[in-house]
Amino acid sequence: MDSYYVRFVEKDEPHFLESCSLCRKTLSLNFDIFMYRGDMAFCSQECRQEQIESDEKKAKRWRKASTSSRSKNSVAGKTVRTETLVVS
């Protein structure tokens with residue numbers, strides 16, 4: 001029976017449907033595969049949910065850091081740019 005997907009010829013880069021993106025368990029075509037963000041495959045709903053929660057925590061930390069850096073760069077309600085632009 002033919003495979004549902006074509007495997008990469010390169011051995012360094014496995015196909016994203018070959019193993020769980022979180023626990024690296026080998027995925028089987030005879031069992032459900034749980035997808036997230038289009039190209040992340042998971043062996044179970046639990047692994048998928050753990051990745052979703054991890055991504056949400058990272059996003060919250062990023063937003064919080066971004067917000068605090070903006071408040072540090074503002075003076076009397078005005079934003080002060082601190083980036084440097086080099087042109088040659």
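## Arg 24

Arg 24 counts as exposed, at 56% relative accessibility (exposed means over 50% relative accessible area, buried under 20%, and partly exposed in between, with a 1.4 Å probe and protein chains only). Arg 24 is not a glycine, yet its phi is positive, at about 65°. Most residues other than glycine have a negative phi. Arg 24 lies in the segment before β1 (34-36); strands (E, at least two residues) and helices (H or I, at least four) are DSSP runs numbered from the N terminus.

## Basis of the model

This is a predicted model, in which local features need pLDDT of at least 70 and side-chain atom pairs count only at pLDDT 80 or more, while totals for chains, interfaces and linings use all residues. Residues are numbered from 1 along each chain as its sequence is written, and side-chain values use heavy atoms, with hydrogens and water left out.

Arg 37 is found in the loop between β1 and β2 and has a positive phi near 60°. Arg 37 is exposed, with a relative accessible area of 61%.

The structure holds one salt bridge, that is, a side-chain nitrogen of Lys or Arg within 4 Å of a carboxyl oxygen of Asp or Glu. Arg 37 forms a salt bridge with Asp 55, and their closest N and O atoms are 3.8 Å apart. Asp 55 lies in helix α1, so the pair ties together parts that are 18 residues apart in sequence. Asp 55 is buried, at 13% relative accessible area.

## Ser 44

Ser 44 sits in the loop between β2 (40-42) and α1 (45-72). Ser 44 is buried, with a relative accessible area of 15%. A polar atom of the Ser 44 side chain lies 3.1 Å from the backbone nitrogen of Cys 47.

Notes
A polar contact is a pair of N or O atoms within 3.5 Å; within protein, one must be able to donate a hydrogen and the other to accept it, and residues adjacent in sequence count only if both atoms are side-chain atoms.
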